[in-house]
Amino acid sequence: MGGYADDLFNIFYRMEPRAMVREGFAYGGQGRRDFQEQYGVLETVEKIEGSDNACSRATKKTVRVLRKPGASPLLFGKFLMNTTAFLALEDISDNLPPYDESVISVDMDDALQQAYEQLEEDIRSAMKAHRGNKSLMSILLNTLLLYPDHPYDFDEIWARAFDPQTKEYVKFLVTEPENLTREARYAKERTLIADVKEELRQGRRCQIYATYTGEKDVTLRLETVLRREGIRVAVLRSSVPTDKREDWYERQLKAGVEVVICHPKLVETGLDLLAFPTLYFYETGYSLHTLRQASRRSWRIGQRFPVRVKFVTYSGTMQETCLRLMGKKMLVALMMEGKFSGEGLQALDTDEDLMSAMARELVEKAGVGESADAVWRELDSEREKVQPRPIEVEPEPEQESVLVLDLSVPMAAPPVPTPFGICLLEPSTSAKKRKKTALWPTASETNVQLSLFD
């Protein structure tokens with residue numbers, strides 16, 4: 001299904017032709033349009049123009065009917081319930097490695113904390129003075145999410161508000177963020193570097209997600225600070241076509257890249273990052289769908305190593321508020337899908353968008369004292385109730401280094417340790433032959449995927 005109800009029209013006519021005829025849908029274009037009208041979403045656009053005839057007050061009206069994404073719940077009950085099997089990875093989780101999500105909360109440096117608190121106070125005052133201004137809300141909340149990760153190159157922040165006296169929109173100054181030095185390594189960056197080095201020492205490649213990739217490019221900042229530490233980094237850009245991204249990853253692996261940085265939407269669907277068992281959300285954004293998709297890129301059929309997803313945030317900032325609200329929304333979403341029982345969650349307002357919830361917490365200082373880590377721990381405990389953790393058997397470091405990174409070969413003498421525990425050696429002829437047969441660890445053995453169902 002491509003998102004539109006009539007995408008299923010032809011296959012329903014093949015599977016359930018009697019039911020389609022009984023419902024009154026003829027095969028062909030007209031039947032498809034009727035099906036979309038009854039079970040899909042249509043948008044009617046009317047454009048009314050005044051007539052050019054000076055002797056008449058007639059108007060000219062044009063009507064367009066547009067097909068929109070979406071489907072009626074009746075579609076599920078009438079056609080999908082008895083003809084469709086719905087499968088999820090959780091159904092075969094006993095044969096998949098452990099999956100763990102954790103929150104790394106970091107305290108800001110003194111200079112950054114003072115600058116952020118001043119920025120937050122200015123924004124809070126502006127939002128109190130102009131309640132309900134949606135454009136103001138979007139600009140200012142994105143500034144609070146971005147500033148701790150990119151506290152330099154900021155100009156004055158202006159917004160517009162409607163003046164009821166002049167009946168026009170007027171600009172007003174909100175704040176002028178303090179620009180800190182770009183040469184320093186800030187607390188969140190230091191924490192990320194230390195954690196990435198530990199993962200690399202264990203022979204685990206890392207994928208890092210960041211959502212701000214425009215004028216103030218956080219992915220470029222991360223690439224710079226990681227390269228200074230001697231880590232081999234690559235950045236996936238949107239300029240790489242969708243159908244070329246898998247080949248792009250293969251080229252980076254052959255080049256010895258240890259860490260890949262990108263926007264989570266670039267790998268949201270269609271990619272299996274089996275070679276990257278550790279994923280970091282340096283920034284999450286506020287799209288729950290994107291977060292759910294991107295966080296599962298490594299936990300796929302064929303993965304043989306424990307998958308670790310880590311959310312890195314500054315404590316006491318809008319980043320932590322956003323992550324905490326995302327965790328609550330995730331609990332509700334899984335409850336609605338029938339994954340969790342939903343005890344204690346019925347009172348949560350599922351219709352409120354995340355942007356409005358963050359704005360309310362900023363103005364009212366609600367949720368103070370409740371950490372994102374606590375919410376995600378609750379999510380993890382709920383997941384364990386329906387999906388027991390398999391016994392985690394950690395492979396030996398030598399084996400994991402060979403299987404995951406595929407960068408070392410057997411030697412007569414023990415290898416000399418490096419700062420990360422990863423040795424780049426000139427592979428022997430036999431090793432080259434083995435690498436040609438399979439780039440991914442799962443392809444080095446036969447019947448790996450089928451063994452999941454034994």
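# Close-up views of a predicted model

**Figure 1. Thr 317, a buried loop residue.** Thr 317 is buried, having a relative accessible area of 2%, in a model that is predicted. The loop that holds Thr 317 runs between strand E10 (307-314) and helix H11 (318-336). When neighbours within four places in sequence are left aside, the residues in contact with Thr 317 are Met 108 and Tyr 116. Thr 317 and Tyr 116 are 201 residues apart along the chain, yet their C-alpha atoms are separated by 8.4 Å.

**Figure 2. The packing of helix H5 against helix H6.** Helix H5 (residues 110-129) and helix H6 (residues 134-146) pack with their axes 11 Å apart and at an angle of about 170°. Because angles over 145 degrees count as roughly antiparallel, H5 is described as roughly antiparallel to H6. On the side of H5, the contact is made by Tyr 116, Leu 119, Glu 120, Ile 123, Ala 126 and Met 127, and on the side of H6 by Leu 136, Met 137, Leu 140, Thr 143 and Leu 144. By residue type, the contact of H5 with H6 consists of 9 nonpolar residues, 1 polar and 1 charged. Tyr 116, which belongs to this contact, is also in contact with Thr 317.

**Figure 3. The buried residues of helix H9.** Within helix H9 (residues 245-254), the residues Arg 245, Trp 248, Tyr 249, Gln 252 and Leu 253 are buried. These residues lie on the same side of H9, because they cover an arc of only 135° around the axis. The elements covering the buried residues of H9 include strand E6 (206-209), strand E7 (233-235) and strand E8 (259-262). Just after H9 comes Gly 256, which takes a positive phi of about 85°.

**Figure 4. The largest nonpolar core, and another apart from it.** The largest nonpolar core has 85 residues, and those with the most contacts inside it are Val 174, Val 196, Ile 208, Leu 226, Tyr 249 and Val 259. Apart from this core lies another, of 13 residues, including Ala 19, Met 20, Tyr 39 and Leu 75. In soluble globular proteins, nonpolar side chains tend to be buried together. For Val 196, the contacts that remain once neighbours within four places in sequence are left aside are with Cys 206, Ile 208, Ile 231, Val 259 and Tyr 280. Tyr 249, named here for its contacts inside the largest core, is also among the buried residues of H9.

Figure 5. Thr 219 is found in helix H8 (residues 218-228), where it is buried, with a relative accessible area of 1%. Leaving aside neighbours within four places in sequence, Thr 219 is in contact with Ala 210, Tyr 212, Thr 213, Val 235, Arg 237 and Ile 261. One of these residues, Val 235, is 16 residues from Thr 219 in sequence and 7.2 Å from it in space, C-alpha to C-alpha.

**Figure 6. Two loop residues on either side of strand E9.** Ala 275 sits in the loop between E8 and E9, and its relative accessibility of 1% means that Ala 275 counts as buried. Ala 275 and Glu 250 are 25 residues apart along the chain, with 9.8 Å between their C-alpha atoms. Ser 287 is found in the loop between strand E9 (278-281) and helix H10 (288-294), and, with a relative accessible area of 32%, Ser 287 is partly exposed. Ser 287 lies 22 residues from Lys 265 in sequence, while the two are 9.7 Å apart in space, C-alpha to C-alpha.

**Figure 7. Positive phi at Asp 153 and Lys 167.** Most residues other than glycine have a negative phi. Asp 153, although it is not a glycine, has a positive phi of about 65°, and Lys 167, likewise not a glycine, has a positive phi of about 60°. Asp 153 is placed in the loop between H6 and strand E4 (157-163), and at 42% relative accessibility it counts as partly exposed. Lys 167 is placed in the loop between E4 and strand E5 (168-175), and at 60% relative accessibility Lys 167 counts as exposed.

Definitions and conventions:
Residues numbered from 1 in each chain as written. Predicted model: local features only at pLDDT ≥ 70, side-chain atom pairs only at ≥ 80, totals over all residues. Heavy atoms only, no water. Core = buried A, V, L, I, M, F, W, Y, C linked by side-chain atoms within 4.5 Å. Buried < 20%, exposed > 50% of the residue type's maximum accessible area, 1.4 Å probe, protein only. Contact = heavy atoms within 4.5 Å. Helix = DSSP H or I, 4+ residues; strand = E, 2+ residues; numbered from the N terminus. Arc of directions from axis to C-beta. Axes fitted to C-alpha atoms, helices over the stretch in contact; angles between N-to-C directions. Parallel < 35°, antiparallel > 145°, perpendicular 65-115°, else oblique. Nonpolar A, V, L, I, M, F, W, Y, C, P; charged D, E, K, R; others polar.
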